Amino acid sequence: MSDEQGFSPRERRASFTLAGIFGMRMLGLFMIMPVFALYGQDLIGFSPLWVGIVIGAYGLTQALLQIPAGWLSDRIGRKPVIYGGLALFALGSVVAALSDSVYGVVAGRVLQGSGAIAGAILALAADITREEHRTKAMAIIGVCIGISFAVAMVAGPLLAAWFGLSGVFWTTALLALAGMGMVRFLLPASASKGQIRDVTAAPELFGRLLKDKQLLRLDAGIMLLHLTLTAVFVAFPLTLLDAGLAADRHWWLYLPTLLLSFVLIVPLLILGARRNMNKLLFQVSILVMMVALVLMALGQGQLWLLALAMLLYFTAFNFMEASLPAFLSMLAPAGAKGTAMGIYSTSQFFGAFLGGVLGGALFQQLGGAGVFLLVAMAMAFWFWLAAGMANVSQVRSHILPIGVNIESKDRREQLLQRLMALPGVHEALIIPEEGAAYLKVDGKIFELDQARRLINL
């Protein structure tokens, strides 16, 4: 297959470079989670509440700035926004590294989160890759985020043991600088295509999507998932310490449980896709996470039980983390995936902030077992909420160029009707300003070449 047909070297290099930039930034955000409760105790103002605020603080600015930063990249270009976001991330890391109080560390984490470059990175990936390979590029970025979380669970405890808490933040600053170097020297030149509705948010669609109950279930789900994550890591490192596992050896538990969890979710993802069991497996995963949290509460002082609980937790978490964006992509209306993803990402980061604050407050009042049990109750609510979720199937999205100038409204209507009549097309939307047709289709039936021939008539 030639480069014109397959994933070209330029597209491949851009995809892996953007995935690396995204992954290094997320690595920097995640590394503090398993270590701050252990190594931040010498900071002025340290308390369980402030542990939670430090862990979740980045989520607040991420939630507030994620969509505006994407819009800014449409106006001034992708790379300036990415450079600026990485610079803010590096500055926040330095502020946190130099701080001798939790208040300074919180300020640093808020600065880290203000470098909200996810939207600009995804938009640049869309600019550089052809539509037929865009899903592949987004998948590479998604896999890299998952890897960064796994690496953070091991690298954070090791770096903190060797260089202290400030060493973790200095490392994140270096990662940000390395990311800027990758933008400068590895990313190919590209021209911004402006708004691409599959990756950037359209303001006029917010009201419509906020009324969509299926999408709202997914938004609430990702919020609860990351609320759980940050709340758990307020309490779990100290629980491991009480069980007799020294702080510099916590990675001994995180590494094997994470690796085994990745092995376990592969057959689940395949089974869900092939047997149309996505909803059932998703609900089972919520129950598994709830059981894991109860085991964490009951396993105080029992290292083997805590290891089992973390294996169950990571397996359920990684399955849902991989499944939720896929569900959203299938359920979002044609031409609205970027807006839906913007709302989803905002919910995710707000959940991280809320989980840190609530986890810290609960730990201060009720201890680790109280945190785990109350978060397990939140999972019970999520299970009830997920009962009304649609059982999504093989729905795919496509963007087809139709030329900037469509001669008349009548011609656009005729083209829209012909596209809707194609086998497998669920929804079609023509945006004349973008010169594009957005299609939502059944991937098993729809033939892309047939739609292209129709447009070129």
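**Entry 1: salt bridges**

I started with charged pairs and counted five salt bridges, a salt bridge being a side-chain nitrogen of Lys or Arg within 4 Å of a carboxyl oxygen of Asp or Glu. This is a predicted model, where local features need pLDDT of at least 70, side-chain atom pairs count only at pLDDT 80 or more, and totals for chains, interfaces and linings use all residues. Residues are numbered from 1 along each chain as its sequence is written, and side-chain values use heavy atoms, with hydrogens and water left out.

Arg 130 sits in the loop between α6 (118-128) and α7, while Glu 11 belongs to helix α1 (residues 9-30), so the pair ties together parts 119 residues apart in sequence. My names for helices (H or I, at least four residues) and strands (E, at least two) follow DSSP runs, numbered from the N terminus.

**Entry 2: two domains**

Next I looked at how the chain is divided: domain 1 covers 9-388 and domain 2 covers 396-456, with bounds from an automatic or database domain assignment. Their centres, taken over C-alpha atoms, are 35 Å apart.

What touches what? I found 15 residues of domain 1 in contact with 13 residues of domain 2, where contact means heavy atoms within 4.5 Å. The area buried between them is about 1100 Å², and carbon and sulfur atoms give 46% of it. Buried area here is the accessible area (1.4 Å probe) that two parts lose on being put together, summed over both. In domain 1, Glu 131, Arg 197 and Ala 334 lose the most area to domain 2, together 47% of what that side buries.

I then checked for salt bridges across this interface and found zero. Helices α7 (131-185) and α12 (303-331) each supply at least two residues of the domain 1 side that touches domain 2.

**Entry 3: the sheet**

Last, I traced an open sheet of three strands, in the order β1-β3-β2, with antiparallel pairing; two strands pair if DSSP finds at least two bridges between them. β1 (395-401) and β2 (425-431) stand at the edges with a single partner strand each, so one side of each has no neighbour in the sheet.

I found seven bridges between β1 and β3 (residues 436-442), and six between β2 and β3. Tyr 438 in β3 stands opposite Ile 399 and is also the bridge partner of Leu 429. In the hairpin of β2 and β3, with four residues between the strands, Gly 435 takes a positive phi near 60°.
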